[in-house]
Each structure stands twice: as C-alpha cells, then as structure tokens.
Amino acid sequence: MTNTAPPSLQNLRREIDDIDAQVHELLMRRGDIIDRLISVKKTQEVGSAFRPAREADMMRRLVKRHRGILPLDTVESIWRVIISTFTYVQAPFALHADLSAGESAMRDSARFHFGFTVPFVAHFNAPAAVNAVANSRGDLALLSATSSVSPWWLALENAGAPKIIARLPFIERADHPAALPVFVISRVADDAIVTEIEMWSIRVSGWSADAARALSPLSEVIAVPDTASDGAALLASIPTATGLDKVRSVLIAAGASVRSSALVGGHATRYTVPSNGVAKA
C-alpha cells in the first residue's frame with residue numbers, strides 16, 4: 001500500500017514563486033505588445049486611448065470565468081490597474097475628478113479604476129472638471145452619475161465637445177469597494193463609443209413631480225431646475241430599445257414640453273453581480 005505524502009510547504013512556496021515569475025513575464029510581454037501597438041497607431045487616433053466598449057466587455061468576461069477563493073474585488077482591481085496603466089503608457093492622460101459628490105468616495109473610485117500611475121486632478125465642481133477635459137487632448141473626467149447642482153452636460157452638446165463615454169463601475173454589486181456611480185467624460189474615437197445606453201441632454205418646460213414619476217420606469221434622470229423657463233435641464237440615460245421618441249411622448253403626456261434635445265454620449269449596460277453571485281446584465 002502506497003502512502004502519498006502531502007506536499008511540503010517548501011514545494012508549495014516554490015510553486016507560488018514560479019507562478020509569480022510567470023505573471024510578471026506575461027505582464028512584460030503585454031508591455032512589449034503595447035509598445036508595438038503604439039508604433040502602429042501613432043497619430044491614427046485622436047482623443048483618449050480609453051476604450052470603454054472593450055473594457056466593459058473585458059470586465060464582463062472576467063466575472064464570468066472567475067472562480068476560486070480569490071475575491072472578485074481583488075481580481076477586478078488588479079485588472080483595472082493593468083488596463084488603465086497600459087492605456088496611460090499608450091497615451092498619457094490626467095484624471096479630473098469632481099469632488100463635490102464626496103471626496104473620499106470619488107478618490108476611491110478613481111484609484112480603484114485607474115490606479116496610482118494616472119495623475120489625479122481635483123476639482124470642486126462639475127463644470128470645472130468638464131472644462132479641463134474640453135481643453136485637453138485626451139484627459140478623462142469623473143462626475144457623479146446620480147446627482148448634480150448644475151447642468152454640466154450642456155457643455156457636451158456641441159459637435160467636437162467631450163462626451164460621456166462610460167459609467168463606472170463596469171461591474172456592480174452591493175458590496176463593491178468603489179461603488180460610487182460615476183460618469184467618465186472624454187473625447188474618444190468614434191469606434192470606441194458605446195450606445196447600449198444613450199445619454200441625452202433634454203431641456204423641458206413644465207417639469208413636475210408627475211413628469212418625473214412618468215419618466216422613471218424608462219430612464220434614469222438627473223434633473224436641475226431651470227427657473228427662467230419653469231422647467232428643467234435633464235440628463236437622461238435612455239436604453240436604445242426605449243429610444244428618445246418614447247421618452248419625449250411620455251414627457252408630453254405628463255404635461256411637460258420638450259424644448260430641445262441633444263445626444264451627449266453613451267455607455268455600456270450596467271452589469272450586476274447580485275448577492276447570489278450570478279452575474280447579469
């Protein structure tokens with residue numbers, strides 16, 4: 001009868017050291033590919049090297065294949081730092097953050113999703129962060145996705161202006177370490193824009209609690225009162241399956257009139273990991 005002895009601590013630690021060396025080697029190989037990518041791209045692309053559609057897809061695939069005792073938070077944060085750092089290496093950019101929604105939560109979001117290599121620039125209102133990005137080549141801005149005291153999105157309406165290109169976190173869960181919902185604003189190439197959720201700037205007259213309630217099943221909305229017109233400036237997140245026309249008709253039926261509308265960006269559908277651990281879009 002043969003007895004199989006358990007592996008020694010020394011052997012297990014040697015295996016870990018081997019894996020660490022392989023991980024480091026793979027990261028350096030990734031860097032070599034990025035170096036070649038930079039040579040190929042050169043001036044072919046304008047704006048930020050951030051690719052929200054690709055990154056959202058990468059994070060979804062990461063969640064689907066993850067298993068074992070390593071917490072998902074750790075895996076997500078490692079990948080976010082890897083992705084963001086290599087993006088920065090391709091085309092250096094700064095991260096402008098509006099801290100008016102809460103300094104600690106916004107810093108947590110910035111560092112979780114972009115690491116410590118990307119320069120962090122603090123602003124104390126949303127328009128200042130948007131303006132900084134508008135005057136840059138490829139910087140990003142982080143702004144609250146749930147509330148605002150000013151209609152900063154009006155500055156995104158014109159052609160050539162920065163747009164909303166992502167909503168973070170890509171993977172949502174109740175205990176996310178960087179759970180603050182934020183929009184990412186920047187200039188990116190046309191093929192990088194995500195339109196699963198379209199972001200519309202809508203100015204309405206006759207805005208009321210009834211209009212807000214009628215709109216809530218169709219769209220998440222940030223509303224800032226416009227006292228000059230007895231209305232409001234809205235930032236509406238509209239799924240492409242719903243469409244602007246449906247939102248417009250609901251507003252009119254609720255007694256509001258739409259004065260203007262402009263597409264100001266888009267982002268991927270939120271991907272949620274509920275408490276039972278089964279991810280869903």
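# Cut-offs behind the labels

Modeller: By class, six nonpolar, two polar and two charged residues line the largest cavity. This is a predicted model, in which local features need pLDDT of at least 70, side-chain atom pairs count only at pLDDT 80 or more, and totals for chains, interfaces and linings use all residues. Residues are numbered from 1 along each chain as its sequence is written, and side-chain values use heavy atoms, with hydrogens and water left out.

Biologist: What makes a lining residue nonpolar, polar or charged?

Modeller: The residue type decides. Ala, Val, Leu, Ile, Met, Phe, Trp, Tyr, Cys and Pro count as nonpolar, Asp, Glu, Lys and Arg as charged, and the others, Gly among them, as polar. The cavity lining consists of P52, I165, A166, R167, P169, F170, H267, A268, T269 and R270. R167 and R270 are Arg, so they count as charged. Strand β4 (residues 163–168) gives the most to this lining, three residues.

Biologist: Why is one space called a cavity and another a pocket?

Modeller: Escape is the test. On a 1 Å grid over the protein atoms alone, a cavity is a set of points where a 1.4 Å probe fits but cannot get out, whereas a pocket is an open set with protein on both sides within 12 Å along at least five of seven lines. A residue lines either one if it has an atom within 4 Å of a point. Rolling a probe the size of a water molecule over the atoms shows where empty space is left.

Biologist: How many cavities of 30 Å³ or more are there?

Modeller: One. The largest cavity holds about 50 Å³ of space. Grid points are joined across faces, edges and corners, and the volume is the space filled by probe spheres set on the points.

Biologist: What lies in and around the largest pocket?

Modeller: About 650 Å³ of space. It has 20 lining residues, and L62, R65, I78, W79 and I82 are the closest to its centre. Helices α1, α2 (52–65) and α3 (72–90) each give two or more residues to the lining. α1 gives the largest share, eight residues. The lining divides into 13 nonpolar, one polar and six charged residues.

Biologist: What makes a run of residues a helix or a strand?

Modeller: Helices are DSSP runs of H or I with at least four residues, strands are runs of E with at least two, and both are numbered from the N terminus. The protein comes to seven helices and eleven strands.

Biologist: What makes I19, V23 and L27 a patch?

Modeller: Patch residues have over 30% relative accessible area and no salt bridge; like charges are joined within 9 Å, nonpolar side chains (Val, Leu, Ile, Met, Phe, Trp, Tyr) within 5 Å. I19, V23 and L27 form a nonpolar patch on the surface, with about 230 Å² of accessible area together. The area comes from the Shrake-Rupley method with a 1.4 Å probe; for residues, only the protein chains shown count as cover.

Biologist: How do you know that E172 forms a salt bridge with R167?

Modeller: A salt bridge needs a side-chain nitrogen of Lys or Arg within 4 Å of a carboxyl oxygen of Asp or Glu. For E172 and R167 the closest N and O atoms are 2.5 Å apart, so the pair qualifies. E172, at 13% relative accessible area, is buried. R167, at 7%, is buried as well. The whole structure has 13 salt bridges.

Biologist: Why are R213 and D210 about one helical turn apart?

Modeller: Because they are three residues apart in helix α6 (residues 209–215). R213, at 53%, is exposed, while D210, at 48%, is partly exposed.

Biologist: Which parts of the chain does the pair D226 and R259 link?

Modeller: D226 and R259 form a salt bridge, with closest N and O atoms 3.3 Å apart. The pair links distant parts of the chain: D226 is in strand β8 (residues 220–226), R259 in strand β10 (residues 257–267), 33 residues apart. D226 has 25% relative accessible area, so it is partly exposed. R259, at 42%, is partly exposed too.

Biologist: What makes R167, E172, E220 and R270 one network?

Modeller: Salt bridges that share partners join them.

Methods:
Buried < 20%, exposed > 50% of the residue type's maximum accessible area, 1.4 Å probe, protein only.
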